[in-house]
Amino acid sequence: MPVEVTWWGHATCTVEDSGVRFLTDPLFARRLAHLRRRRGALPPPEAAVAEAVLVSHLHSDHLHLPSLARLAPGTLLVVPRGAPAAVPGLRRLDGNGLRLTEVEPGDTVTVEGVTVRAVPALHDGRRLPVGPHRAPALGYVVEGAARTYFAGDTGLFDGMAEAVGPVDVALLPVGGWGPYLGHGHLDARRAAEALAELSPAAAVPVHYGTYWPIGLDGIRPHEFHAPGDEFVRHAARLAPKVAVHLLAHGERVRPEVAR
């Protein structure tokens with residue numbers, strides 16, 4: 001089994017490779033500020049079990065301190081360089097038993113024989129609504145029996161395929177949590193364009209269909225429900241050789257990859 005991917009909703013995934021579990025951008029909240037979870041049950045306790053957690057950037061729907069507090073002592077927490085200075089709560093987690101390490105594009109971390117490589121992302125990495133831009137937004141490539149790319153939040157950027165490198169599985173954001181996507185995001189079509197550039201064997205669309213602003217249920221609901229199906233449609237046209245796995249919340253897949 002080269003790799004197994006579980007999508008828990010939003011950008012939260014478990015990537016298991018060579019018996020090592022990696023958890024991405026854990027968000028286990030029913031409500032976050034003006035957002036509420038509209039689809040998919042809250043992830044079970046097993047979702048918080050991982051050898052390492054990969055945080056892509058500082059936005060609170062990706063770096064969520066109460067969710068990180070559910071991790072077991074000894075878990076390795078990988079964050080963008082500068083994150084503890086911008087989010088002081090991370091230092092308290094570090095003091096409570098998590099092992100914190102900061103990375104920037106090009107850095108690697110090895111977890112029980114599996115390598116994690118930080119790669120660039122085109123996204124505003126600040127801790128909003130205030131704070132200077134003190135930490136980069138990142139993606140990660142987990143390199144073990146397979147090469148799995150978790151894009152975090154990103155837009156298309158020049159040299160993306162070269163910066164990410166060869167990958168077997170791509171976890172790509174295809175939507176968001178509001179009716180409009182701004183700069184530094186991928187919608188379903190742009191995600192399919194990224195897929196064509198990256199040319200992995202398999203892909204899983206994420207970052208859609210989970211959280212939505214309270215009171216906006218009737219405003220452009222298509223943007224909440226449709227991105228996954230639209231990504232499948234665009235990918236079939238732009239990257240027909242890639243096997244796209246459209247997962248339900250809590251569903252897992254073992255993509256076929258050739259290494």
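**View 1. The seven-stranded sheet.** In this predicted model, 7 strands line up as an open sheet in the order β9-β10-β11-β12-β13-β14-β16, with mixed pairing. Strands and helices here are DSSP runs numbered from the N terminus (E, at least two residues, for strands; H or I, at least four, for helices), and two strands pair if DSSP finds at least two bridges between them. The edges are β9 (108-111) and β16, each with a single partner strand, so one side of each has no neighbour in the sheet. A word on bookkeeping: residues are numbered from 1 along each chain as its sequence is written, and side-chain values use heavy atoms, with hydrogens and water left out. Because the model is predicted, local features need pLDDT of at least 70 and side-chain atom pairs count only at pLDDT 80 or more, while totals for chains, interfaces and linings use all residues.

**View 2. Strand β14, covered on both faces.** In a regular strand the side chains alternate between the two faces of the sheet. For β14 (residues 202-206), A202, V204 and V206 sit on one side and A203 and P205 on the other, and all are buried (buried means under 20% relative accessible area, exposed over 50%, partly exposed in between, with a 1.4 Å probe and protein chains only). With 5 of the 5 residues buried, the strand is largely enclosed by the rest of the structure. On one flank, β14 pairs in the parallel sense with β13 (residues 169-173) over 5 bridges, and A170 stands opposite A203. Getting from β13 to β14, the chain passes through helix α5 (residues 188-198) in a right-handed β-α-β crossover; right-handed means that, with the strands pointing away from the viewer, the path from the first strand over the helix to the second runs clockwise. β14 also pairs with β16 (residues 243-244), again in the parallel sense, over 2 bridges, with A202 opposite A243.

**View 3. Helix α5 lying on the sheet.** α5 lies across β12 (147-150), β13, β14 and β16, and runs at about 160° to β13 (axes are lines fitted to C-alpha atoms, for helices over the stretch in contact, and angles run from 0 to 180 degrees between N-to-C directions). Which residues of α5 are buried? They are A188, A191, A192, A194, L195 and L198.

**View 4. F231 in the largest nonpolar core.** A nonpolar core is a set of buried Ala, Val, Leu, Ile, Met, Phe, Trp, Tyr and Cys residues joined through side-chain atoms within 4.5 Å. The largest one has 55 residues, and F22, Y140, Y149, L195 and F231 touch the most other members. α5 supplies the largest share, 6 residues. Leaving aside residues up to four places away in sequence, F231 touches L172, V174, A188, A191, A192, L195, A203, P205 and V244 (contact means heavy atoms within 4.5 Å). Apart from this core lies another, of 21 residues, among them A48, V55, A86 and V87.

View 5. β11 (residues 138-143) and β12 make a hairpin with 3 residues between them, pairing in the antiparallel sense over 4 bridges; V142 stands opposite T148. Towards β13, β12 pairs in the parallel sense over 3 bridges, and the bridge partner of Y149 is A170. P166 lies in the loop between α4 and β13 and counts as exposed at 56% relative accessibility. Its C-alpha atom is separated by 9.2 Å from that of Y149, 17 residues apart along the chain.

**View 6. The three-stranded sheet.** Here 3 strands form an open, antiparallel sheet in the order β4-β5-β15. β4 (31-32) and β15 (211-213) are the edge strands, each pairing on one side only. β5 (residues 35-37) is joined to β15 by 3 bridges, and R37 has Y211 as its bridge partner.
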